[in-house]
Amino acid sequence: MITTSIFDLFKVGPGPSSSHTIGPMKATYDFLQRVKELPADQTESASQIHIHLYGSLSLTGKGHGTDRAVIAGLLGWLPENVNPTIFNNLLQNPAETYDVKIRENAVKVAANSIKFDKKKYDSPFANTLVVRLLSENGELIHEEEYYSVGGGFIHRKGEEEVDVSTIQLPHPYKTMNELKAILQQTDLSLIDIMLANETAISRLSTKEIYAKIDNILDFMHKAVKRGLRTKGVLPGRIQLRRKAPVLFEKAKNRVATTDSFIIFLNAYCLAASEENAAGSIVVTAPTSGASGVIPGVTYLLKQHYHYDRKKLREGMIAAATIGFLIKQNASISGAEMGCMGEIGSAAAMAAAMLMYCTENSIERMEAAAEIAIEHHLGMTCDPIGGYVQIPCIERNAMGAIKAYNAFLLASSGNSQDQKISLDSVIKVMRATGKDMSKRYKETSKAGLALSMTEC
Ligand code: SF4
């Protein structure tokens, strides 16, 4: 049964990576809360905290800001309330120390508290971190192991899985076929069903859900606007120059040409993605690496097609429906699925949004999402230097264009003739992700990542 909230899928936080930045920040924040609850006689001797990063977190964590994120969490910051300027300044000076407050005790952490462990670690997930509180002479006081499973979601080792039977959903489903059956058996619209489920999950009224979606859209569009006006070079060794402002100027000078709409869409997607790469505040959609696709598409719909709030809210709910299905039945994590899990999911969500906003047809929406996934199958994750820049930024623009084309292709056919169902393609995605060599899953050890060895 799908019990994910819309607001777990669309989360506000600092870039550049939901699995490598937001997840680890939440993990060390959780660690801090737990050690604060320990008896005082256990924590009074605490004098060190070690954070061990394994798997993909170790291999690409530097470029993905994992080091800053784990310190930020220990300082009590959460992704949604972090100040991006202060966050990005963390660890600029490797010798600088930070006080982690545990009751009356202040434990110092610094860059050397973080261990990028390259050795193999027996763990069920690609992104694993182990956090230890130690005394001065190295005695272990407390330890937790966390898994960052994509999109900013985390699991703690030993933590009981949420007992879904305790969540009484009015319309339970776990596949598109089950969801379509509910629609057939009731007079309800997709939006009615998703709102009723969301209320059961998050205990919010419809009015509150809409207010939160509006807020998410505002954050998305703020990222696009900032990216459109910010020039210069992105942080990191690649020294990649931002392109969104240039494309935006070009688009404005070519409004009368047939390709201007594509240039505008490119500019909007690049703008949000460049902001993500710069560590600014973005919205996971469904991940930070893919945080340019839906913001770019919704900004286009708002600015060029003058969609009102109601339509955009409903589009976001349609997009979330597809994100839930992929998360439940495959994965939205680059470390689990390669880039088809991130940009492929975002493109499918955007295609569903475009279709649902145009025609309230679940079959056509399904067809649009299916086509978008189909043409991302097997797409690897091989970011150069471990930075969420190349190919990630342009890939967001490409994902949005594919989403638009999936919407056009689905609009022009008869959905009864669609041979592949969304449930089938999600199964294929999961199988393909499992078959894909680990080297192509957010490790920067293969593919494009090897083409710029100096990074
Ligand atoms: S290549 Fe794709 S999955 Fe990998 S970091 Fe970039 S956007 Fe994320």
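The legends below describe close-up views of a predicted model.

**View 1. Domain 1 and domain 2 and the contact between them.**
The chain of this predicted model is divided into two parts, with domain 1 covering residues 16–156 and domain 2 covering residues 167–451. Their centres, taken over C-alpha atoms, are separated by 29 Å. Domain 1 brings 22 residues to the contact, and domain 2 brings 26 residues. The size of an interface is often given as the accessible area lost when the parts come together. Between domain 1 and domain 2 about 1,600 Å² is buried, and 59% of this area lies on carbon and sulfur atoms.

**View 2. Helix α7 beside helix α16.**
Two packed helices are described by the angle between their axes and the distance between the axes. Helix α7 spans residues 176–185, and helix α16 spans residues 362–374. Their axes come within 11 Å and cross at roughly 165 degrees. An angle over 145 degrees counts as roughly antiparallel, and α7 and α16 are therefore roughly antiparallel to each other. The crossing of these two helices is right-handed. On the α7 side, the contact involves Met176, Lys180 and Leu183; on the α16 side, it involves Ile362, Glu363, Met365 and Glu366. The residues of the contact of α7 with α16 comprise 4 nonpolar and 3 charged, with no polar ones.

**View 3. Helix α8 packed against helix α9.**
Helix α8 is made of residues 190–202, and helix α9 of residues 206–229. The angle between them is about 100 degrees, and their axes lie 10 Å apart. Angles of 65 to 115 degrees count as roughly perpendicular, so α8 is roughly perpendicular to α9. From α8, the residues in contact are Ile191, Leu195, Glu198 and Thr199. Their partners in α9 are Thr206, Ile209 and Tyr210. By class, the contact of α8 with α9 holds 4 nonpolar, 2 polar and 1 charged residues.

**View 4. Arg203 in the loop between α8 and α9.**
This view shows the loop that lies between helices α8 and α9, where Arg203 is placed. The phi angle of Arg203 is near 60 degrees. This is a positive value in a residue other than glycine.

**View 5. Helix α12 alongside helix α15.**
Residues 293–303 form helix α12, and residues 343–358 form helix α15. The two pack at an angle of about 25 degrees with their axes 9 Å apart. Angles under 35 degrees count as roughly parallel, and α12 and α15 are therefore roughly parallel to each other. The crossing in which α12 passes α15 is right-handed. In α12, the contact residues are Val293, Ile294, Val297, Thr298 and Leu301. They meet Ile343, Ala346, Ala347, Met349, Ala350, Met353 and Leu354 of α15. The contact of α12 with α15 has 11 nonpolar residues, 1 polar residue and no charged residues.

**View 6. The cis peptide bond between Gly15 and Pro16.**
Gly15 and Pro16 are joined by a cis peptide bond, with omega about 10 degrees. Pro16 sits in the loop between strand β1 (12–14) and helix α2 (18–36). Domain 1 is assigned residues 16–156.

**View 7. The cis peptide bond between Ile390 and Pro391.**
The peptide bond that joins Ile390 and Pro391 is cis, and its omega is about 10 degrees. Pro391 belongs to the loop between helix α16 and helix α17 (392–412).

Technical notes
Residues are numbered from 1 along each chain as its sequence is written. This is a predicted model: local features need pLDDT of at least 70, side-chain atom pairs count only at pLDDT 80 or more; totals for chains, interfaces and linings use all residues. Side-chain values use heavy atoms; hydrogens and water are left out. Axes are lines fitted to C-alpha atoms, for helices over the stretch in contact, and angles run from 0 to 180 degrees between N-to-C directions. Helices (H or I, at least four residues) and strands (E, at least two) are DSSP runs, numbered from the N terminus. A crossing is left-handed if the near helix is turned anticlockwise from the far one by less than a right angle, and right-handed if clockwise. Contact means heavy atoms within 4.5 Å. Ala, Val, Leu, Ile, Met, Phe, Trp, Tyr, Cys and Pro count as nonpolar, Asp, Glu, Lys and Arg as charged, and the others, Gly among them, as polar. Domain bounds come from an automatic or database domain assignment. Buried area is the accessible area (1.4 Å probe) that two parts lose on being put together, summed over both.
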